Amino acid sequence: MIDTVKAVKNFKWYHVSNLTPAEHQRLISEHHLTNEMINYAVDHNESVRMEYDHAADEALMVIDVISYHPKNVETRPIGILFAHGDVYTFTHEPTDYIKTVLLEPQNQQVRAADDDISAFDFIMTGLYSLMTRYVDEITDINRKRRVIQAQFADKKRTTQQMNDLLHLQTQMIYIQNSLANNHAMLDNYRTDFKKTLQDFELEHIDDVRVEVGQAEHMANLAMEVINSVSDALGNLSNRDLNWTMKVLTVYSIVLTVPTIVSGFYGENVKWLPFAAAQSGWWVTLVITAVLMAVVSLLLLLSGFFRK
């Protein structure tokens, strides 16, 4: 769908979502966009970068934004194309929410009036709000991590906790990678257009870069904490496993005593003490119990029962 969202003095904003082949041809024939740039803009797997076509007067910005799903949060690329004085945004269903954010961003940046605002400044003031969503998601991931960490006091740790931590780690990998790429792309964009941008436009792109940098720092710190918690949980699980193996070893040693005693008396050797006595069976039980107690005491003194 091609939607003309905003038409002001200096530019028009076209929002393109879930592009169909017919709409693709329409962008080429009516809007005079190049096929190459459109393909880059709608590619689900396009890497974050800037792409220029000076002959066609087109500059494409591919940037990662938060992509919301029912059970997890990932990042997806969107395309922002500056062409012939207008701006085009290309999204898919998980990222279509950016239309609302760009139209009415909730942040402290001052957006110029419609008669004065440029396409670039319009996009930058909206991107600031999109980048703050990374901070919100990192904060939410930290909250979930603290919930899992609080469960460490429980003696019984479950596989679900490990799976939850792995899920958080996976989300953080997407976020870290996207933030690093976004930061590098914005740096390159500022360098390339430094001479053509006005001071307030440079200030706005710097604001976005600072927000991305802060989110990147938060993401790196959050990832380090999650990895530490995951390692700690793994160590606790290994300690529990070692304790279980130690207990089984102790039991196997102690229970070896009855086997040895019964093995001797089961050979029917008459010269064994109490072998011919009427109460021999009870004597062997007493001998077994005493030896088991002695072995248990030795193991206790050796520290085998300490966790």
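Residues are numbered from 1 along each chain as its sequence is written, and side-chain values use heavy atoms, without hydrogens or water. In this predicted model, local features need pLDDT of at least 70 and side-chain atom pairs count only at pLDDT 80 or more, while totals for chains, interfaces and linings use all residues.

Colleague: Which residues of helix α1 are buried?

Modeller: Helices are DSSP runs of H or I with at least four residues, strands are runs of E with at least two, and both are numbered from the N terminus. Buried means under 20% relative accessible area, exposed over 50%, and partly exposed in between, with a 1.4 Å probe and protein chains only. Helix α1 spans residues 21-29, and its buried residues are Glu23, His24 and Leu27.

Colleague: Why do the buried residues of α1 line one face of the helix?

Modeller: An α-helix has 3.6 residues a turn, so residues three or four places apart point the same way. On the other side of α1, Pro21 and Ala22 are exposed. The arc is taken from the directions from the helix axis to the C-beta atoms. Seen down the axis, the buried residues line one face because they fall within an arc of 110°.

Colleague: What covers the buried residues of α1?

Modeller: Contact here means heavy atoms within 4.5 Å. The cover includes strands β1 (2-7), β2 (12-17) and β6 (86-91), and also helix α2 (35-42).

Colleague: What is the centre to centre distance of the Tyr14 and Tyr88 pair?

Modeller: Rings of Phe, Tyr and Trp (its six-membered ring) pair if their centres lie within 6.5 Å; planes under 30 degrees apart are stacked, over 60 edge-to-face, the rest tilted. The whole structure has four aromatic pairs. Tyr14 and Tyr88 are stacked, with 15° between the planes and a centre to centre distance of 4.9 Å.

Colleague: Which residues lie nearest the centre of the largest pocket?

Modeller: On a 1 Å grid over the protein atoms alone, a pocket is an open set of points with protein on both sides within 12 Å along at least five of seven lines; a cavity is a set where a 1.4 Å probe fits but cannot get out, and lining residues have an atom within 4 Å of a point. Volume is the space filled by probe spheres set on points joined across faces, edges and corners, and here it is about 440 Å³. Of the 21 lining residues, those nearest the centre are Asp57, Ala59, Phe82, Tyr189 and Phe193.

Colleague: Which element gives the most to the lining of the second largest pocket?

Modeller: This pocket has a volume of about 150 Å³. Both β5 and α5 (159-192) give two or more residues to its lining. With five residues, the top contributor is α5.

Colleague: Which residues line the largest cavity?

Modeller: The search finds one cavity of 30 Å³ or more. Its volume is about 30 Å³. The lining is His44, Arg76, Pro77, His92 and Thr95.
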